Amino acid sequence: MNDKIFEQLGLSAREVTLYRTLLTLGPSSIRTIAEQSGINRGTAYECLKEMQLKGVVTYLPKGKRRYFSPRDPDVLLQMAEERRQSLDQAIDQLKSRVIPELHHLRPAFNTANVQFYEGDAGIELVLRDILNTVSQQQVREYSVFSSKPIRAHLYRPFPNFTNQRIQKQIGVRVIAIGEGGEDAKLSERKWIRTEGPVDAAYIALYPPKIAIISLASENYPTAVVIDSKEVAAAQQIVFDTLWGLL
């Protein structure tokens with residue numbers, strides 16, 4: 001039986017053991033429950049009190065003793081339904097009230113709008129953020145400045161990035177700095193010809209964000225993501241103007 005299901009219902013491993021023991025024993029004293037479950041008496045008693053509050057067990061006083069009884073296993077389904085209803089209500093409140101109020105507390109721009117990433121795992125997060133952000137917009141398109149030296153390393157942690165971009169019907173316009181670059185569906189490319197070598201750099205404009213990816217020593221990738229609609233809009237104007245001139 002998958003104990004993770006019980007964890008999602010808020011029951012600990014000890015509580016699950018006690019519940020199973022009670023189902024086997026039926027109404028029993030704390031001493032008997034502790035002996036059969038292998039859990040010491042004090043711990044078992046505290047767990048059973050918690051389980052009573054959660055509605056999993058009940059008890060009957062018999063003289064000076066308490067006899068605990070398990071509730072029918074159908075109660076677990078009831079608990080799951082109640083949790084789902086609570087979660088649905090929480091999601092509705094987050095969407096309608098809580099998140100808008102929290103966004104309102106943030107200033108237009110502060111240090112929290114700038115995030116740093118490094119290594120292949122960090123670059124993968126940035127690339128996924130590009131896809132997730134653009135896929136939620138009416139116009140599914142973003143813009144990129146990309147230089148030749150970074151191309152061999154950019155998609156190393158996310159080799160199927162282009163396939164996922166195409167599956168999500170996301171277009172991209174690329175201004176390539178230097179030679180190279182591969183054609184792909186939903187992609188347009190123009191070039192800036194340069195003399196001599198260029199540094200490794202990749203700048204993605206996906207308003208309201210900008211991602212700047214570069215390589216440190218030994219081709220170690222680093223990235224900065226700026227979340228600012230004003231900065232992104234200004235850079236988009238620069239890109240669109242240059243795109244029209246090429």
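This is a predicted model: local features need pLDDT of at least 70, side-chain atom pairs count only at pLDDT 80 or more; totals for chains, interfaces and linings use all residues.
Two strands pair if DSSP finds at least two bridges between them.

**Entry: β5 and its two partners**

I looked up β5 and β6 and found that they run parallel, joined by 7 bridges. I then turned to β5 (residues 141–147) and β8 (residues 201–206), which pair in the antiparallel sense over 4 bridges. A reminder to myself: strands of a sheet pair through backbone hydrogen bonds, either parallel or antiparallel.

**Entry: onward to β7**

Next I followed β6 to β7 and found parallel pairing over 6 bridges. In this pair, V172 has S187 of β7 as its bridge partner. I also checked how covered β6 is: 6 of its 7 residues are buried, so I count β6 as mostly covered by the under 20% relative accessible area cut-off.

**Entry: the whole sheet**

Zooming out, I read the strand order as β4-β10-β9-β8-β5-β6-β7, an open sheet of 7 strands with mixed pairing. Its edges are β4 (114–118) and β7 (187–192), each pairing on one side only. From one strand to the next, the twist averages 15°.

**Entry: helices on the sheet**

Which strands does helix α6 touch? I traced residues 119–135 and found α6 packed on the sheet, touching β4, β5, β8, β9 (209–215) and β10 (221–227). The direction of α6 makes about 35° with that of β10. Helix α9 (residues 229–245) packs on the sheet too, touching β5, β6 (171–177), β7, β8, β9 and β10. Its direction makes about 70° with that of β6.

**Entry: Q236**

Is Q236 buried or exposed? Its relative accessible area is 14%, which is under 20%, so I note Q236 as buried. Leaving out residues up to four places away in sequence, Q236 touches S143, R173, L205 and P207.

**Entry: T17**

My last stop was T17, in helix α2 (residues 13–25). T17 has a relative accessible area of 32%; that lies between 20% and 50%, so I put T17 down as partly exposed. Setting aside neighbours within four places in sequence, I found T17 in contact with S37 and I39. I also checked T17 against D88: they are 71 residues apart in sequence and 30 Å apart in space, C-alpha to C-alpha.

How values were computed: Residues are numbered from 1 along each chain as its sequence is written. Side-chain values use heavy atoms; hydrogens and water are left out. Helices (H or I, at least four residues) and strands (E, at least two) are DSSP runs, numbered from the N terminus. Axes are lines fitted to C-alpha atoms, for helices over the stretch in contact, and angles run from 0 to 180 degrees between N-to-C directions. Contact means heavy atoms within 4.5 Å. Buried means under 20% relative accessible area, exposed over 50%, partly exposed in between (1.4 Å probe, protein chains only).
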